[in-house]
Every structure is written in structure tokens, then in C-alpha cells.
Amino acid sequence: MKSTLTLLATSVALAATLTACAPGRGMGMKPSAPPPSAMAPMGMTARPDADMQAVLDAQSALGAKPIETLTVEQARAQPSPADAVNRVKMIMGMSTAPDAGVTTVDLTYPTGGTTQPIRVYKPAGAMGANLPVVVYYHGGGWVIANLDVYDATPRSMAKNLNAIVVSVEYRKGPENRFPAFYEDANNAWKWVQENAASWGGDPKNIAIAGESAGGNLALNVAIAARDGGWTQPKAILAVYPIADANPQLPSKVENMASLPLRTPTLGWFGQYALRSPADQNDPRYNLVAADLRGLAPVTIVNAQIDPLRSDGETLMTALRRAGVPVERRVWDGSVHEFFSMADVVSDAREAQAWSFGRLRMALR
């Protein structure tokens with residue numbers, strides 16, 4: 001297996017006129033990642049595993065640049081990690097077509113005086129009512145990305161959980177700055193509650209999930225549901241969530257040059273998503289300062305080579321302090337965005353199997 005992955009990494013790197021990195025330190029999972037390796041490239045916690053590096057090399061070959069060097073329009077238009085995964089799949093001779101085992105319907109929900117897109121994923125052939133429901137919020141720093149860029153995770157979730165998964169679009173900065181995206185996330189949650197039965201879902205048997213900025217949104221919706229008397233999720237999945245405004249957290253110091261997310265990129269997102277730096281002190285952004293009591297059990301997934309790794313650790317501590325059941329794992333040799341890459345990255349398959357298993361138990 002390792003030899004195959006190394007050959008793949010090398011072939012993609014040659015296409016980009018680059019040299020592939022050697023395999024990383026394996027797929028260890030632990031409550032928190034170790035200090036940077038002495039063998040790590042400068043500005044990174046560690047070297048990515050070979051299959052992870054293959055995706056990074058593919059994105060470079062497609063012309064992607066560090067986000068903080070671009071305008072908003074350029075960042076939204078440049079090749080995404082999802083595009084890089086498709087490039088690797090093409091090199092491997094794999095189909096890039098969406099998994100036909102899941103059907104989708106695109107709808108809209110009302111919010112902010114207008115409407116936003118929403119995509120309903122359902123296992124093909126699923127009949128009858130009372131399927132579990134998961135509401136999913138995508139990442140992108142509240143500035144970039146959309147439902148198409150983040151198609152892989154909700155599609156995989158629907159198939160593996162035999163559940164209806166609703167992927168939510170929301171307003172973004174700089175056109176609609178903080179707190180517009182929180183308003184949309186809350187409105188989408190309530191709208192799904194009202195409409196899930198029409199898709200064959202059980203609005204009471206429901207969980208919430210999100211990646212990166214979407215992981216932050218998922219936790220905030222759970223807090224709003226608690227405080228607003230709405231139906232609360234049975235479980236919360238937060239994949240490398242934005243949760244702590246402290247710029248000196250270890251992983252932010254270590255990963256100044258990691259890709260596809262670097263520490264300077266977090267500042268770029270804040271520049272366009274927030275009204276001012278003061279918004280970083282709001283407990284919706286700085287989740288570790290929020291009232292987290294009474295939330296459903298939380299699952300946190302982190303990547304080792306990610307500025308947001310320490311956010312996951314401090315969030316776990318804050319949740320435990322609030323009495324919330326929480327489990328967290330860190331995947332060594334992986335980077336931000338790895339979770340959606342299960343077709344080509346072994347750590348992503350492991351992370352999905354573990355986290356979806358926890359959701360499955362909650363949604364029985």
C-alpha cells in the first residue's frame with residue numbers, strides 16, 4: 001500500500017514539476033498531536049502522508065495559490081481541494097462522477113430577506129418515513145466555497161448513515177459580514193425542522209455537523225436551539241472547527257506555511273468575514289468563551305498539520321468544563337480539508353468511519 005501511495009505522490013508531483021515528499025509518520029490518532037517533528041518542513045508541524053501529499057501536489061499542479069495572496073474573487077475562483085481530489089482520481093483511473101448511491105434535490109430556504117440554496121441528500125432507494133436527519137454546514141472561512149465544493153462529505157454521510165443530510169448555503173463576507181452567516185445557519189435549522197418530514201425524515205431524530213467555519217456554525221446552532229427552545233440535535237460533529245481567537249495557540253505558531261490552510265489565511269478570512277477585529281471576542285466566533293452547558297455530545301475531528309488543531313483541543317477542554325460529553329481525535333500526517341477526501345486519503349476514511357459511527361449511535 002505504501003509503495004502505491006508513494007508512486008502516486010511522485011506521479012502527481014512530476015505533473016506539477018515538483019518533487020514528492022516522503023511518506024509521513026503514519027496514521028496515529030491521539031487526544032492531541034505532538035510537538036513539531038525535527039524532520040518537518042519549516043512552517044509545518046510535520047510532513048504530510050504520501051496520499052495526503054498527492055492531493056496537495058495536485059492542487060498546486062492546478063494552479064492554486066495561498067488564499068491570503070489573492071483577492072476574494074480570485075480565491076473563490078481558484079482550484080479547490082475538491083478539484084485536487086478529482087485530479088488524483090483521474091490519475092488513478094477512478095471515476096470522478098458523484099456517487100450514484102445518493103440522490104440530491106436543490107431547494108432554497110428563506111433568510112435575511114432573501115433565500116439561500118440548500119441541498120437535500122438521500123440514499124438512493126430509501127423508502128418511507130422517519131429516516132434520521134443531519135444538517136451540515138460547509139467550510140470556507142465564511143468567505144469562499146459553496147455546496148459544490150463541499151459535496152463529498154454530506155454525500156458520504158447520507159450513504160453511510162442511511163440518513164437524509166441537508167447541506168446549507170449561507171451568506172458570506174465581505175458582501176454580508178458577521179453575524180449574517182449565524183442568522184442564516186439558525187434559520188436553516190428551523191426550516192429543516194419544518195420540512196424534513198416531507199422528504200421522509202424524522203425532524204426529532206436529528207444531528208448537526210460542519211467543517212471548519214461550518215463546524216463553528218454547527219455548535220452555534222446547537223447553542224441557539226438550546227436557548228431558543230427549538231428541537232436540539234442529538235449529536236454534534238465539528239470537523240476542525242474555528243473555535244478559539246487566541247493567535248498564539250501552538251498549532252497556529254507551527255503551521256504558518258501549511259496548505260491548503262496557513263495561519264495567515266485565518267487573518268485573511270477575518271478581514272473579509274468580520275466587521276472589525278473586535279468581533280473575534282464575540283462568543284459565537286470565540287466559542288471557547290461561550291456558554292456550552294447542556295449541549296448534546298460533541299465529536300471533534302482534527303488534522304495534525306492544521307492551524308486549527310489547537311482550536312479543537314481548547315474547545316474540547318471548554319466543553320468538558322461545561323459538563324458536555326466530548327470525544328476528539330487527531331489524524332497525524334493530514335492537513336486541513338482532509339476529511340472530505342475519503343476516496344483517495346486513508347486518514348479521511350478512518351476519520352469518517354469513526355465520526356459517522358458516533359453519529360449513527362446517537363441517531364438510533
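This note walks through the structure above in numbered points.

1. **What kind of model this is.** The model is predicted, so a local feature needs pLDDT of at least 70 and side-chain atom pairs count only at pLDDT 80 or more, while totals for chains, interfaces and linings use all residues. Residues are numbered from 1 along each chain as its sequence is written, and side-chain values use heavy atoms, with hydrogens and water left out.

2. **The overall picture.** The protein chain has 11 helices and nine strands. Helices (H or I, at least four residues) and strands (E, at least two) are DSSP runs, numbered from the N terminus. Of the 364 residues in the protein chain, 57% are buried. Here buried means under 20% relative accessible area, exposed means over 50%, and partly exposed lies in between (1.4 Å probe, protein chains only). The accessible surface of the protein chain is about 14,000 Å², and carbon and sulfur atoms hold 55% of it; these areas come from the Shrake-Rupley method with a 1.4 Å probe, and for residues only the protein chains shown count as cover.

3. **Contacts along the chain.** A contact means heavy atoms within 4.5 Å. Among contacts in the protein chain with a separation of 6 or more, 77% are between residues 24 or more positions apart.

4. **A hairpin to look at.** Strands S2 (residues 102-111) and S3 (residues 114-123) run antiparallel and are joined by 10 bridges. Two strands pair if DSSP finds at least two bridges between them. Leu107 has Ile118 in S3 as its bridge partner. Two residues lie between the strands of this hairpin, and Gly112 takes a positive phi near 55 degrees.

5. **The nonpolar core.** A nonpolar core is a set of buried Ala, Val, Leu, Ile, Met, Phe, Trp, Tyr and Cys residues joined through side-chain atoms within 4.5 Å. The largest one holds 109 residues, and Tyr137, Trp142 and Val192 touch the most other members. Helix H7 (residues 213-228) gives the most to this core, with eight residues. Leaving aside neighbours within four places in sequence, Tyr137 has contacts that include Val168, Trp189, Ile208, Glu211, Leu217 and Val221. As background, nonpolar side chains tend to be buried together in soluble globular proteins.

6. **Aromatic pairs.** Rings of Phe, Tyr and Trp (its six-membered ring) pair if their centres lie within 6.5 Å; planes under 30 degrees apart count as stacked, over 60 as edge-to-face and the rest as tilted. This rule gives 14 aromatic pairs. The rings of Trp191 and Trp199 are a tilted pair because their planes are at 50 degrees, with centres 5.6 Å apart. Both Trp191 and Trp199 are buried. Trp331 and Trp354 are also tilted, because their planes are at 50 degrees, and their ring centres are 5.9 Å apart. This pair links distant parts of the chain: Trp331 is in strand S9 (residues 326-335) and Trp354 is in helix H11 (residues 346-362), 23 residues apart. Trp331 counts as buried because its relative accessibility is 0%, and Trp354 counts as buried at 15%.

7. One aromatic cluster is formed by Trp142, Phe178, Phe181, Tyr182 and Tyr285. Elsewhere, the charged end of Lys172 sits over the ring of Tyr170, 5.6 Å from its centre. For this, NZ of Lys or CZ of Arg must be within 6 Å of the ring centre and within 35 degrees of the ring normal.

8. **Helix H5 and its surroundings.** Helix H5 (residues 152-161) is mostly covered, with seven of its 10 residues buried. Among them are Pro154, Arg155, Met157 and Leu161. Asn162 follows H5 and has a positive phi near 50 degrees. Where does Asp99 lie? Asp99 is in the loop between helix H4 (81-91) and S2, and it counts as partly exposed because its relative accessible area is 32%. Not counting residues up to four places away in sequence, Asp99 touches Arg155 and Lys159.

9. Gln352 is in helix H11 and counts as buried because its relative accessibility is 6%. Not counting residues up to four places away in sequence, Gln352 touches Ser156, Phe339, Ser340, Ala342 and Gly357. Glu254 sits in helix H8 (residues 250-254) and is buried at 14% relative accessibility. The C-alpha atoms of Glu254 and Asp306 are 8.6 Å apart, although these residues are 52 residues apart along the chain.
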